[in-house]
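Please read them alongside the sequence and the coordinates.

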2 protein chains.
Amino acid sequence: MRTYINPDKNVWSDILKRPLFDVSELYGKVQTILTEIRKNGDTALREFTEKFDGIKLDSIVVSEKEITDAEKQVSADLKEAIALAAKNIEVFHASQQSKINKIETVPGVSCWQKAVAIEKVGLYIPGGTAPLFSTVLMLAIPAQIAGCKQIVLCSPPDKTGKIHPAILYAAKVAGVTQIYKLGGVQAIGAMAYGTETVPQTYKIFGPGNQYVMAAKQLVSMNDVSIDMPAGPSEVLVVANETSNTAFVASDLLSQAEHGADSQVVLVANNSATIESVQAEIATQLATLPRKEMAEKALSNSVFIVIEDTKEQIDLINEYAPEHLILSTKNYSDISEKITNAGSVFLGELTPESAGDYASGTNHTLPTNGWARSYSGVNLDSFIKKITFQEITKQGLLTIGPAIEKMATAEELVAHKNAVTLRLKEIQ
Amino acid sequence: MRTYINPDKNVWSDILKRPLFDVSELYGKVQTILTEIRKNGDTALREFTEKFDGIKLDSIVVSEKEITDAEKQVSADLKEAIALAAKNIEVFHASQQSKINKIETVPGVSCWQKAVAIEKVGLYIPGGTAPLFSTVLMLAIPAQIAGCKQIVLCSPPDKTGKIHPAILYAAKVAGVTQIYKLGGVQAIGAMAYGTETVPQTYKIFGPGNQYVMAAKQLVSMNDVSIDMPAGPSEVLVVANETSNTAFVASDLLSQAEHGADSQVVLVANNSATIESVQAEIATQLATLPRKEMAEKALSNSVFIVIEDTKEQIDLINEYAPEHLILSTKNYSDISEKITNAGSVFLGELTPESAGDYASGTNHTLPTNGWARSYSGVNLDSFIKKITFQEITKQGLLTIGPAIEKMATAEELVAHKNAVTLRLKEIQ
């Protein structure tokens, strides 16, 4: 834990420096695997699955029976929780739908955009002991609302050749159309190029380790879009004398338990608040199962006293946190002026956990400062907007001469002719 | 020119194969230049400008005086045309603004997205004899509407150290805040990393040669967003017995004059239409200044007879053209069912030139099949959406238990605790 009292603006970027998350040194190794998959399809997938996941599979396709079996293994309690979360995610993402707004820029020149689903999307869900079924909901539900026709999901098989039942159940609830037992680079390669079994998709979403990230970056160059670049998860919490410091500590620990490289930042307007939060952290940390991991993240955590609210706002916008929690009574002093953040949590009863699971907002968010230019995953992530235009005689008579002049000035005479020919015909 | 009559579906992808646009072999060379710029800032920019543009500049900053001088050199006629185009681009992109839509997913859980401008954007405009001032309008006007605070433009200096007056004038009209005399990789590196003179930006837009594309891809990995991947420009025109084949020929030639690698495709429901278009092309081509370039592109052009409208639609959506011109009377038979295209032009009085310059729509569009997952540049390209949420006591009581169950199932106990602590306090 590092604590700073009213640090000068010109040291902010040093204080808040993120660890370098550059996966380019993995490119060589990852590219070799990708090239094999592109060349040898299913055969390569089988070989790499045996090599990296330690399992020889008869089929990488998850069968209907496996999904039915999984459904039986998920408790009624968890199903109920998933249903509530799914409903809220559906309501929020459905509210992001836009209507076609057809306008005339000048009389006779009609222009509009039409939102159309990306036909085939690929979702990657990492493996491990804890199943990230919440991420299945966060990616597949908006895909379904958008109208994606194929929603392909890949997740690595465990040593017995299975995917965790909670993931399969969430996939069923969220409308995933195909599920494959594929992990890491294999999954990304399969969804980018397609194989005999796995369909090629047009955009790939989801978290993963550095190999997955490297693979996503490499396939995004020439073959398929990706959701966004990725880095370790982050939270910046703002507290003051009105804050419940136990709540604040619990939010910082939520972030810290994600992994040793999690970024944990607290900004407060006074030292006493920070000391109180630190004491609470010590107490709450003691009983956490992921204590060791959280401790590592906390050892890099940053506590900053900044008295001035305007300066606090400047620091937040400069850092551009993935998650921003304003755990104060007077949060609107700050919230109105946030220009760089992934997701903002307002007030002491709005923990990040709510957005991670069940409030309805998406938890796939820009990290590593990418909030300066990227949105989190939302309905827009699963659509593209096609532009349409329709011009009448009157419209072309109005704008045609301008087109002719501009095309001439750009020395594109055929562009001009396309208008001149038409003007001659209608004049 | 290649002509196909009712080709089988399984050969479509071969017929419509685009040239490979893989700039990865340039990465080594380009990365070296980028690394120099990151390390040595302005000094590196000066050196590379001397080396690649053949000019030693005292300053890379375009002065107020240069802009005033440029204004005098642009004809009143062209100014008037630019004003009309700028107005229409402004009207169309302003119509894409969205209101905040705050909803309650359940009572007491409020969620919304807020569109916020990307603070600093970088625009690249290539040099050459023909000044692409229209692209200045297409990129800077939506940036200004979005509310971007810094709109930085780079364009290479000519041998006398100047940027074309039409580019400077368009930049002034469109609200560009800073202009630098920088070309190619130097421009992209400067806007990605910032130097003593050039501010670092958060997203880089604009066309360019293969070096520019390679530089954009490389900086997009770790440092800055980019608009979209790029490839040679494309048009697919649909014609039938109702079409004016002279108009159709003029649209195909507009595309062909862009460059030898331009993709030109005509789909018609009968051979006579295709023959008539080809005859018109021969006539119109004769007088074009860029005849040689257009001829090269035409030698790779594809003419396809497909009788069935449904099959035509399938082929279009499979190809995912950057520009789609439906130059028929009954275009709505097809237009309603287009799912993959950048920009669609409806009817015989709507040439691509209109969208290239003055109708109001954007001309920066996805090529090379990227229309399957990317939109063209629009207002969304200059903003990101920040998610907000605010939960009341009632809201947390409703969704809290579901969060606790899901976090427990994902073995993230600190996530659960953040809710448990709050529920204890309010119950």
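1. Helices (H or I, at least four residues) and strands (E, at least two) are DSSP runs, numbered from the N terminus. This is a predicted model, in which local features need pLDDT of at least 70 and side-chain atom pairs count only at pLDDT 80 or more, while totals for chains, interfaces and linings use all residues. Residues are numbered from 1 along each chain as its sequence is written, chains are lettered from A and ligands numbered from 1 in the order in which they are written, and side-chain values use heavy atoms, with hydrogens and water left out.

2. An unreviewed UniProt entry carries the annotation "binding site" for Y124(A), Q186(A) and N209(A); UniProt positions are given in the numbering used here, feature names are shortened, and annotations may be inferred rather than shown by experiment. The annotated residues spread over 86 residues of sequence, yet they cluster in space, with a largest C-alpha distance of 12.9 Å.

3. Y124(A) belongs to strand β4 (residues 120–124) of chain A. Y124(A) counts as buried because its relative accessibility is 4% (buried means under 20% relative accessible area, exposed over 50%, partly exposed in between, with a 1.4 Å probe and protein chains only). A polar atom of the Y124(A) side chain lies 2.8 Å from the backbone nitrogen of G184(A).

4. N209(A), by contrast, sits in the loop between β7 (203–205) and α8 (210–222) of chain A. With 45% relative accessibility, N209(A) is classed as partly exposed. Its side chain has a polar atom 3.0 Å from the backbone nitrogen of Y211(A).

5. Which strands form the open sheet of 9 strands? The order is β1(A)-β11(A)-β10(A)-β9(A)-β12(A)-β13(A)-β14(B)-β3(B)-β2(B), with mixed pairing; two strands pair if DSSP finds at least two bridges between them. At the edges are β1 of chain A and β2 (103–106) of chain B, each pairing on one side only.

6. Strand β13 (residues 343–346) of chain A and β14(B) run parallel and are joined by 4 bridges. Within this pairing, V344(A) has F388(B) as its bridge partner.

Notes. A polar contact is a pair of N or O atoms within 3.5 Å; within protein, one must be able to donate a hydrogen and the other to accept it, and residues adjacent in sequence count only if both atoms are side-chain atoms.
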